[in-house]
Amino acid sequence: MNIQVPDHISSIKRYQPGKTIPQLQEEFGWEKVAILWNNENTLGYSPKSKEAVIKAYDTINYYPDPISEDLREKLSKKIERPKEEIILGNGSESVLMLTIRALCSGDDEFLTSGGSFVIVYNWARINNVRCVSMPLTEGYGFDLEAIKSRINRNTKVIYLANVNNPTGTMISKAELEDFMQNVPDHILVIVDEAYFEFSESLHEDFPNSLKMNYSNLLTLRTFSKAYGIAGVRLGYAVGHEKIIESIAKTKLTFEPTALAQAAGLGALEDTDFLAKTIENNTKGLKYFSTELTRLGIQFVPSYGNFIMTAWKDQKEVDKIFNGLMKKGVLVRPLAGSLEHCIRVSVGRPEENQHFIHSLENV
Ligand SMILES: Cc1ncc(COP(=O)(O)O)c(C=O)c1O
């Protein structure tokens, strides 16, 4: 093959999917399974969301509404921001990628922390944008002082995950306000709040960046976590109208799909399901911290729907991961600077117990 692939693409390692759940089930013959490796909502999804999708299926011979008008209107009322400041995409991952594509070029730099959401580094590189990562603090949080001190004339976008995935740490309201006041307003600050619905009920000082008034702040939210519809891919960004307009220019014409828009509209109707999900998570996190403390396992207090445990080294992580896998508990061993850590999502009570009992045995 003689076609030249540009260096910034050829240097990227292709995503290597592991075995599927049915393949693993066949290999290990599990009696009980707890899928706790992707921070999904294992309670399921709202029946209202399902109903809306089934209804929308009747019109899937037509293209979807390219500007998700109904969903933006509904969201606009919920979050109290004008619909012109909202854009939806195929998951918040897509909106993040589109933002980089829309804003960065040439020598522009994307500044963030190491030990954060793995996908963001890739999207910067795929878009040929230099990604600069500062180390995490000793407590596994974003080091906002270090990030501020690294700003230079090429810095174009700063990415903060609040809470941070995979560490579960949060940036407080006062810290975020202070940060925003010290970042020049020609730099876009993306605050990724994928776990917001959980976080705000776990800590009274958790900031809602949608209520902060900065023209250079872009908030990312998703329907994949608390709303439980990760499989249809639906997320959104909220920010200044001009930023949203630029992102809209880079988006696939018919993103997100009609079924995703319907699923989102249905999900927003169901406050009971959301409340149940949040309650399950708060209880699950409490259970994890009590049990991990009892077992003498180090962990980082979390404000998301997952918790990060820390071990001696990667060898120990591999042993725990493989041992849990044999028992039907799927967790996430981490890489890079966090290769001594394992992240586990909060599941249903029986899944959480299966994890703790299996861990005790391993
Ligand atoms: C911090 C963070 N942002 C974004 C996402 C992706 O969300 P979506 O499913 O909307 O693409 C995740 C998923 O794990 C995440 O942890």
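Two residues are in contact here when they have heavy atoms within 4.5 Å of each other. Keep that in mind as you click around, and remember that this is a predicted model.

**Stop 1: F196**

Start by selecting F196, which is found in helix α9, residues 196-202. Is F196 buried or exposed? Its relative accessibility is 5%, and buried means under 20%, so F196 counts as buried. F196 and P17 are 179 residues apart in sequence, and C-alpha to C-alpha they are 28 Å apart in space.

**Stop 2: S46**

Next, jump to S46, in the loop between β1 (34-35) and α3 (47-57). S46 has a relative accessibility of 1%, so this serine counts as buried as well. Show its side chain and look for the backbone nitrogen of K48: the side chain of S46 reaches that nitrogen at 2.9 Å. Which residues is S46 in contact with, leaving aside neighbours within four places in sequence? Select G266, D270 and F273 to see them.

**Stop 3: α3 against α11**

To see the contact itself, pick K48, S49, A52, V53, A56 and Y57 on the α3 side. On the α11 side, pick A258, L259, A262, A263, G266, A267 and E269. Colour them by class and you get nine nonpolar, two polar and two charged residues. Notice two names from the previous stop: K48, whose backbone nitrogen S46 reaches, and G266, one of the S46 contacts.

**Stop 4: α12 against α14**

Last, select helix α12 (residues 271-294) and helix α14 (residues 349-361). Their axes are 10 Å apart and the packing angle is about 15°, which makes α12 roughly parallel to α14. This crossing is right-handed. Which residues of α12 meet α14? They are N280, G284, Y287, F288, E291, L292 and R294. Across from them, in α14, show P349, N352, Q353, F355, I356, H357, L359 and E360. By class, this contact has seven nonpolar, five polar and three charged residues.

Note on methods
Residues numbered from 1 in each chain as written. Predicted model: local features only at pLDDT ≥ 70, side-chain atom pairs only at ≥ 80, totals over all residues. Heavy atoms only, no water. Helix = DSSP H or I, 4+ residues; strand = E, 2+ residues; numbered from the N terminus. Buried < 20%, exposed > 50% of the residue type's maximum accessible area, 1.4 Å probe, protein only. Polar contact = N/O pair within 3.5 Å; in protein donor to acceptor, adjacent residues only side chain to side chain. Axes fitted to C-alpha atoms, helices over the stretch in contact; angles between N-to-C directions. Parallel < 35°, antiparallel > 145°, perpendicular 65-115°, else oblique. Left-handed = near helix turned anticlockwise from the far one by under 90°. Nonpolar A, V, L, I, M, F, W, Y, C, P; charged D, E, K, R; others polar.
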